Amino acid sequence: MSDGQDRPGRPTGPSTLSSTAATGEGLDEGVTDGLSEARRAAAALRALAGHLATGDIPTEDLRAIADAAQRMERLARPHARASRYDGRAGLRIGSADNAVLWERHPIFGRSHPFAPPLIVERRGEMFHGEATLGPAYEGSRNNVHGGYIAALFDVMLGHAASLAGKLIATGTMTIRYKTPVTISTPLRAESELLDVEGRKIRATARLLIGESVSAEADGVFISVGSEWYTSPK
């Protein structure tokens, strides 16, 4: 996740307190037919990934699945972009237009087939998240791979750091894994802003199963310029 130095890593998290994406508000308002179908397609692909990861599927069925997948890829290919930022204004502080980028985020985007997804909402000065990671995210037997736990923390910490009202990127992140996290188990996450010192923004988070803490994390985020979140012109 980091080389241990407090410097910008990759872009992460929502941009600001006033962003509808950062607060979790407005993402489901006025859901169009296209958005609904995008979410349905992403959910089907997530389920398929789990079946492929765990199932001993007969060759004939695998051939049919592969043929169908290739047909779907050809259907989507003409509409693909090199980046989800391409052709868009990029993330801007306080802009409702940010929602389209969050919708396709690889961790909490409901229209992204790799996302669990992590559903995040703001409650007071804290962020709360919920996710269930199925067999596609398995590492050791029946347990979620630690890398995916780190990704959840990156998002939760980023949401909390966004309360500083700045565009941010991950600097460092420290995770303490306390217990294994079982796959297909409802997870809860909580995060909050700790302090701001110049360009450095510190946040903390924890992951829970029921009322038991399974992991904790602290992060240092760095405020960055708008070029991190916009397409080259």
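Before anything else, the model is predicted: local features need pLDDT of at least 70, side-chain atom pairs count only at pLDDT 80 or more, and totals for chains, interfaces and linings use all residues. Residues are numbered from 1 along each chain as its sequence is written, and side-chain values use heavy atoms, with hydrogens and water left out.

I start with the overall layout. The chain has 5 helices and 6 strands. Here helices (H or I, at least four residues) and strands (E, at least two) are DSSP runs, numbered from the N terminus. Along the sequence the pattern reads α-α-α-α-β-β-α-β-β-β-β. Of the 233 residues, 38% count as buried. Buried means under 20% relative accessible area, exposed means over 50%, and partly exposed lies in between, with a 1.4 Å probe and protein chains only. As for contacts (heavy atoms within 4.5 Å), take those between residues at least 6 apart in sequence: 65% of them join residues at least 24 apart.

Next, the sheet. In what order do the 6 strands of the open sheet lie? The order is β1-β2-β4-β5-β6-β3, and the pairing is antiparallel. Two strands pair if DSSP finds at least two bridges between them. The edge strands are β1 (119–123) and β3 (168–177), each of which pairs on one side only. From one strand to the next, the twist averages 20°. For such angles, axes are lines fitted to C-alpha atoms, for helices over the stretch in contact, and the angles run from 0 to 180 degrees between N-to-C directions.

Now some of the pairs. β1 and β2 are antiparallel over 5 bridges, and Ile119 has Glu130 in β2 as its bridge partner. The hairpin of these two strands has 2 residues between them, and Gly124 takes a positive phi near 65° there. β5 and β6 run antiparallel and are joined by 10 bridges, with Ile201 opposite Phe221 in β6. They also form a hairpin with 2 residues between them, where Gly210 in the turn has a positive phi of about 65°. Thr174 has Asp218 in β6 as its bridge partner, and Ile168 stands opposite Ser223.

Which helix packs on the sheet? That is α5, which touches β1, β2, β3, β4 (187–197), β5 (200–209) and β6, and its direction makes about 130° with that of β3. α5 has 16 residues and reaches 22 Å from its first C-alpha to its last, close to the 22 Å expected at 1.5 Å a residue. The expected span is 1.5 Å times one less than the number of residues. Of the 16 residues in α5, 13 are buried.

Asn142 is in the loop between β2 and α5, and its phi is near 65°, a positive value in a residue other than glycine. Asn142 counts as partly exposed because its relative accessibility is 37%. Asn143 sits in that loop too, between β2 (126–131) and α5 (146–161). Is Asn143 buried or exposed? Asn143 counts as buried because its relative accessibility is 16%. Leaving out residues up to four places away in sequence, Asn143 touches Tyr137, Glu138, Pro180, Val181, Thr182 and Ile183.

Two other backbone spots follow. Ser184, in the loop between β3 and β4, has a positive phi near 60°. Its relative accessibility is 45%, so Ser184 counts as partly exposed. The peptide bond from Pro116 to Pro117 is cis, with omega near -10°, and Pro117 lies in the loop between α4 and β1. For background, most residues other than glycine have a negative phi, and most peptide bonds are trans.

Last, the largest pocket. A pocket is found on a 1 Å grid over the protein atoms alone, as an open set of points where a 1.4 Å probe fits, with protein on both sides within 12 Å along at least five of seven lines; lining residues have an atom within 4 Å of a point. The largest pocket holds about 1100 Å³ of space, a volume being the space filled by probe spheres set on the points. It is lined by 30 residues, of which Ala38, Ala76, Arg104, Ser111 and Pro113 lie nearest its centre. The elements giving two or more residues to the lining are α2 (33–54), α3 (59–76) and α4 (99–103). α2 gives the most, with 8 residues.
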